[in-house]
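Visitor: I am new to protein models. Please walk me through this one, one question at a time.

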Amino acid sequence: MCAPAVSTRPSDIVEAPPELVAALAPPPPGPAVAFVLRLGHALHRHGTPAHRLEGLMMRVSERLGLEARFFSTPTSIFASFGPPEDLRTSLIRVEPGDMDLERLILLDLLADDVIQGRLSPTEGAHRVEDILARPPRYGPALQLLCWMLAGASAALLFGGGWKELAVSGVSSLAIGVLDLLTRKQPTTARVLEPVAAVLSAAFAGIAAHFFGPLHGEVATLAGLIVLLPGLTLTIAVNEVATRNLISGTSRLTHAALIFLQLGFGAALGSRVATVLPPVPTPSALPAATPPAVAVIALVVAGFAIAVLFRARPRDWGWIALAGAAAFMGARLGALLLGPQLGAFAGALLLGMGSNALARLRNRPAVTTVVPGLMLLVPGSVGFRSLASLLERDVVAGVDTAFSMLMVAVALAAGLLSANAIMPSRKVL
C-alpha cells in the first residue's frame, strides 16, 4: 500500500503562532551581541557576583545601542535582546571558576575600549578569547607557598602559637597540593573540601601526639582557611540584599553545603587522634599575639590572598593596605561596638577606601574589595558553629551560627553603605 502523498502547497502548511516563532528564533546576529555574550561569560567564570555582572552587561549593551535584559545565576546567564514583543534569548551554561582579579581588570578595561570606540565589537570579542587564553601569571610553586603562608598567618591571627602555626602551614600546603592535582578533574575536585578537612584534622591530632599539646581547633581551622566559604556567604547575602534572590539563595545553599562537608571531614579526621595514646589538651590559648607579630601575619596573609586570587604584582601594595585597614577597623569596631557592628565598620571602611581608590586609578574596586573582605568574612565562625553541633552542643552551635549570619549581614550592609556614600565610577 502506497503512503499518502504529502502536500507542500503553502496553503496546506500549518503556520506556527507569531509569538512561538519569535521565541524559537535565534538571537539577532551581530558583533555587538557576540561581544556582550562573550564578555558576560568570561566575567561569570571568574567570580563576578550577579548584581555586578548584570550591571556591567547592561551598561555595555546600552552604550552599543542594544536593547537587552539579563538574568544571572551561579551556573548560568540568560540574555534577551530586542523589544519585549520580539525577544531573542540566549542561555549560557557556566561552570564557575576561580577568582582571577587580573583577568577581571583586563575584561573591564576591554569593555571600556569597546564602549569608547577604541576597539570594534568584533575585535573586542576576539580580545576576550585572548584574555581567557592567557597562561596563569603565577606558577604552582608560588601558589603552594601562598597556601602555606595563608594557613600559617591565619593561625597567628586566630590566637594560636608557634605549634599551631607550623601544623596549619603544613596541612594547608598539603591541601594546596591536593587542589592542584584535582583541579582539572571535576569528579575528584568535588570531594576536595571533605578530604581537606580530614587531612587538616588528622594532622592536628598527630602533631599533638608527637610534638606536645596544641589547640587542635585552631590548627584545623587555620589549615582550612583558604577553603572556608565565608566569601561565598558574604556575596550571597549581598546578592539577596540587592534583590538577586535566586542567585543569592543558590550561593547560600552552596556555602551551607561546603560548611557541612568541612565539618564532616573534620569530625572524621579527628577520629585519628582516638587511636593514639591521649595527650593533655591546653586549657587556654597561648598568650596574646604581640602586635608586631600580628601586623606581620596580616601583611603575609594579604600577600598570600593576592597571589591566590591572581592579582597583579602592581596591586599587591594596595591590597595589603586595604586588608590591613579593614582588619584593624573591624577589630577596633568590635572592641567598641561588638563583633557585628565591628564587621560593619570594617566593611564600610574597606568599601569607601576601595571606591575612592577606584575613582582615583580608574580601575575596578573589586581589586581591593575581594582580598580585603577575605580578612573579614565569617568562615571561621561558621566552622566553629558546625563543630559545636557535631559535638552535640546544640545551644552553642545555633548561637554561633546566628552570629555568623549576623556578621555576614553586617559585611553586606557595610559594603552597600559604602557604595551609597562613596560611589565608584566602575560597575565592578
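Visitor: How far apart are the closest N and O atoms of D113 and R118?
Guide: This is a predicted model, where local features need pLDDT of at least 70, side-chain atom pairs count only at pLDDT 80 or more, and totals for chains, interfaces and linings use all residues. Residues are numbered from 1 along each chain as its sequence is written, and side-chain values use heavy atoms, with hydrogens and water left out. D113 and R118 form a salt bridge (a side-chain nitrogen of Lys or Arg within 4 Å of a carboxyl oxygen of Asp or Glu). Their closest N and O atoms are apart by 2.8 Å.

Visitor: Is R118 buried or exposed?
Guide: Buried means under 20% relative accessible area, exposed means over 50%, and partly exposed lies in between (1.4 Å probe, protein chains only). R118 has 52% relative accessibility, so R118 counts as exposed.

Visitor: Which residue meets D112 in a salt bridge?
Guide: Helices are DSSP runs of H or I with at least four residues, strands are runs of E with at least two, and both are numbered from the N terminus. D112 lies in helix 4 (residues 101–115) and its partner in helix 3 (residues 50–63), so the pair ties together parts 53 residues apart in sequence. D112 is buried at 7% relative accessibility. The partner, at 3.7 Å from N to O, is R59.

Visitor: How many salt bridges does the count come to?
Guide: Another pair is E67 and R69, at 3.2 Å from N to O. E67 is partly exposed at 40% relative accessibility, and R69 is partly exposed at 32%. E102, R134 and R137 are linked in a network. By the salt-bridge rule, the count comes to 9.

Visitor: At what angle do helix 7 and helix 10 pack?
Guide: Two packed helices are described by the angle between their axes and the distance between the axes. Axes are lines fitted to C-alpha atoms over the stretch in contact, and angles run from 0 to 180 degrees between N-to-C directions. Helix 7 (residues 162–182) and helix 10 (residues 216–223) have axes 8 Å apart. The angle is about 35°.

Visitor: How many residues of the contact of helix 7 with helix 10 are nonpolar?
Guide: Contact means heavy atoms within 4.5 Å. Among the residues making this one are V167 and I175 of helix 7, and V218 and A222 of helix 10. Ala, Val, Leu, Ile, Met, Phe, Trp, Tyr, Cys and Pro count as nonpolar, Asp, Glu, Lys and Arg as charged, and the others, Gly among them, as polar. The contact has 1 charged residue, 4 polar ones, and the nonpolar number is 5.
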